Amino acid sequence: MVIAFIGNNFKYEIEAVTKLFLPLQNFEFLFEEIPENAENFCIIKREKTEGGHILSVEAALNGEKRSISESGSEGACDEKDEAILCRILYKILNELTGITPPWGCLTGIRPVKKVNKLLDEGKTKAEIFGILKEKYFVSDEKLELAFMTAAAQSKALKMLDKRSFSLYISIPFCPSRCSYCSFVSHSIEKPEAKKLIVPYVDKLCEEIAEIALIARQLELRLDTIYIGGGTPSVLPAELIEKLMVSVKKSFDISKIREYNVEAGRPDTITEKKLEIIRDLGATRISVNPQTMNDSVLAAIGRKHSAKDTEEAFFAARKLGFRNINMDTIAGLPTDTLKGFEHTIETLCRLDPESITIHTLTVKRASRLFSEKDKIADNNIGEMVSCGQKKLLDTGYIPYYLYRQKNTVENLENVGFAKEGYECLYNIYIMEEAQTILAAGAAGSTKLVDTDTGKIERLFNYKFPYEYISRYEKMMEKKSGISEFFSRII
Ligand code: SF4
């Protein structure tokens, strides 16, 4: 598909809208140049007329053509023009492909943030639905979902103040690499990755202590902790202990509201590790099956069974964990609607406090990108809808929701929880409502001014080897935290 821009350069949003309909296509972009001899193309135009500007889209797909024009702004090219062109393009591609994306042309990753903003402005539910339907063509089903999620978040969002923050600790190692993974996580099957684990945890403990020092100097208050990955439970028991002891020594964890450890893959969870995690203060863990179908687990490269997941879950219960999350993914290779329903029903029987339904995302960095034909070919939208309905019927409520680029059918990821078990960290990070100070490779510190909503970011090195070898250089950037808070407090 060739996309040509004349009199504008709205590449980012236009590409995002086009991908809603043609998710796995490669695009060629032209600027101020009409495509010649292209069978499939879109021409996005903003042209001057006597009274202002005319906005138009002309598109051709598989031998069919459409074009629509509307009036644009009088002056400089602005966001309103961009929004109009996106809507026109959406209407045309909707006609040419017959596809009606459930989120309409809402392309951002945080739809609930939009709902929360409109609620803050005093808009009613009916007004919010009206706005999001007219501007973005969002379906009723997704509007209801976003609205329910916003309602479940409101208490957690009201608890925040400028000095509170969450701590994220990254463990970018896994026992093996899943076929759909595009994260930087290293499989410890490779000896060169395995030998990085000990020096990595050493540096991580140093960074945690440095972050604690900065937080104390700025009189910040630690609110929640999230040890995620990767698979944190891939660390040997003594390194999990070392890490969590360093957290306990660096911060007063007696006053925090939540301490999450993503125990992660069942094949890494042992009773000994769970005891350490419990004794060192974790209040919530995840045991992540992704699917309860053994053949699908094998297809994605996991080396555990559904039975291992159940055993890890029961072990956690026996050791006293009363807040457990379980993650699933709809659309995994070889999975079916029936198979996915089986996964959700099995998890409901286990009765964890929260269940997350992700939709498969196929990124270029994943092995699956070159094996796209293996993606479940039945209706993934139906898997997601059936799974969500089952959780709602069982008494779980949606409490955080986000979307990712390149998600199959442009669907969403939703965390469901029993009332009172909503994960605060997940809400704060997804709504960008609280400062997150991040430690570890690929950690991204997000500095949030809760008054203005302004956000600044500081990035750690992505890969463990550079995190270890360039640690001092990376720590120089941490002065950005103090600079930010001296400006906003
Ligand atoms: S467990 Fe998660 S981070 Fe690890 S390889 Fe699988 S998808 Fe990637």
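# Report on a three-domain chain

The C-alpha centres of domain 1 and domain 3 lie 38 Å apart. These two belong to a division of the chain into domain 1 (2–97), domain 2 (111–147) and domain 3 (159–479), with bounds that come from an automatic or database domain assignment. The model is predicted: local features need pLDDT of at least 70, side-chain atom pairs count only at pLDDT 80 or more, and totals for chains, interfaces and linings use all residues. Residues are numbered from 1 along each chain as its sequence is written.

## The chain as a whole

The C-alpha trace of the chain spans about 70 × 55 × 50 Å along its principal axes. The radius of gyration is 24 Å, which agrees with the value near 23 Å that a compact globule of 489 residues would have. (This radius is taken over C-alpha atoms, and the globule rule is 2.2 Å times the number of residues to the power 0.38.)

The secondary structure comes to 17 helices and 18 strands. These are DSSP runs numbered from the N terminus, with helices (H or I) of at least four residues and strands (E) of at least two.

Of the 489 residues in the chain, 45% are buried. A residue is buried if 20 or more other C-beta atoms lie within 10 Å of its own, exposed if 12 or fewer, and partly exposed in between, with C-beta atoms placed from the backbone. Among the contacts with a separation of 6 or more, 73% join residues 24 or more positions apart. (Two residues are in contact if their C-beta atoms, placed from the backbone, lie within 7 Å.)

## The nonpolar core

The largest nonpolar core has 133 residues, and Ile44, Val57, Leu85, Leu89, Ile285 and Val287 touch the most other members. Helix α7 (residues 197–217) gives the most to this core, with 8 residues. Such a core is a set of buried Ala, Val, Leu, Ile, Met, Phe, Trp, Tyr and Cys residues joined through C-beta atoms within 7 Å.

Not counting residues up to four places away in sequence, Ile44 touches Ile3, Ala4, Phe5, Asn8, Phe10, Ile14, Val57, Leu85 and Leu89.

Gly230 is in the loop between β9 (221–229) and α8 (237–250).

## Two loop residues with positive phi

Gln290 is not a glycine, yet its phi has a positive value near 70 degrees. Gln290 lies in the loop between β11 (284–287) and α10 (294–299) and counts as buried because it has 24 C-beta neighbours inside 10 Å.

Phi of Ala442 is also positive, near 70 degrees, in a residue other than glycine. The loop that holds Ala442 runs between β16 (435–439) and β17 (444–448). Ala442 has 19 other C-beta atoms within 10 Å, so this residue is partly exposed.

Glu210 is found in helix α7. With 15 C-beta neighbours inside 10 Å, Glu210 counts as partly exposed. Beyond its neighbours within four places in sequence, Glu210 is in contact with Met475 and Lys478.

Lys273 is in helix α9 (residues 271–279). This lysine is buried, since 23 other C-beta atoms lie within 10 Å. Leaving out residues up to four places away in sequence, Lys273 touches Ser233, Ala237 and Ile240.

Tyr400 is part of strand β14 (residues 397–403), and counts as buried with 27 C-beta neighbours inside 10 Å. Its contacts, apart from neighbours within four places in sequence, are Thr149, Gly415, Asn426, Ile427 and Met430.

The table pairs each of these residues with another residue of the chain.

| Pair | Separation in sequence | C-alpha to C-alpha distance |
|---|---|---|
| Glu210 and Glu431 | 221 residues | 27 Å |
| Lys273 and Leu119 | 154 residues | 43 Å |
| Tyr400 and Thr224 | 176 residues | 16 Å |
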